[in-house]
Amino acid sequence: MSKDSARQYLPRGEYKLSRLSLRGILRLLCYRLRGVRPVRVGACLQCGACCRNLHLFHRGRWLETPGQFQRMVKDCPGYERFEIIEAPGPLLLFRCRSLSEDNICLDYDNRPPACLEYPSLHMFLRHGIVHANCGYTFKLVKDFSAALKQAGKDKS
């Protein structure tokens, strides 16, 4: 399936196919077929897990090499707060240097988008999980636009 043909099945405005793995695209298509969509719910419990173990993406790509990270920092200096801790698989794993020992962000007012949006839909679709102690989760809810279309079909 091409990216253009896949776009018609994915929720508009909530995705960038280039940020998704094949698993993420398939997950979205399955949700679409079931008439549901993932919605982030919950609140931050200040566990710090998201600051200690996270993947980053830049220019539509998940970071896989230190060179990609260096380019990201050059383009977006706010990301210099992150450091590479390991590369357990194809993606680099980062931690934030702005996290205090009591799980408080020392530069909260200047957090980059990766922090503001955590956990993002893209991250959830790529991995399918949120850190175990995180107060956020994703809930599958009935897609209102799909329900509306079905109601229109039922009337005719």
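Of the protein's 156 residues, 36% count as buried, where buried means under 20% relative accessible area, exposed over 50%, and partly exposed in between (1.4 Å probe, protein chains only). This is a predicted model, in which local features need pLDDT of at least 70, side-chain atom pairs count only at pLDDT 80 or more, and totals for chains, interfaces and linings use all residues. Residues are numbered from 1 along each chain as its sequence is written, and side-chain values use heavy atoms, leaving out hydrogens and water.

The secondary structure comes to 7 helices and 6 strands; these are DSSP runs (helices H or I, at least four residues; strands E, at least two), numbered from the N terminus.

Helix α4 spans residues 66-75, and its buried residues are Q68, F69, M72 and V73. Seen down the axis of α4, they fall within an arc of 140°, so they line one face of the helix; the arc is that of the directions from the helix axis to the C-beta atoms. On the other side of α4, Q70 and K74 are exposed.

The protein has 3 salt bridges, each a side-chain nitrogen of Lys or Arg within 4 Å of a carboxyl oxygen of Asp or Glu.

| Pair | Closest N and O atoms |
|---|---|
| R59 and D75 | 2.5 Å |
| D107 and R81 | 2.9 Å |
| R95 and E83 | 3.2 Å |

R95 lies in strand β5 and E83 in strand β4, so this pair ties together parts that are 12 residues apart in sequence. R81 counts as buried, at 8% relative accessibility, whereas R59 is exposed, with a relative accessible area of 65%.
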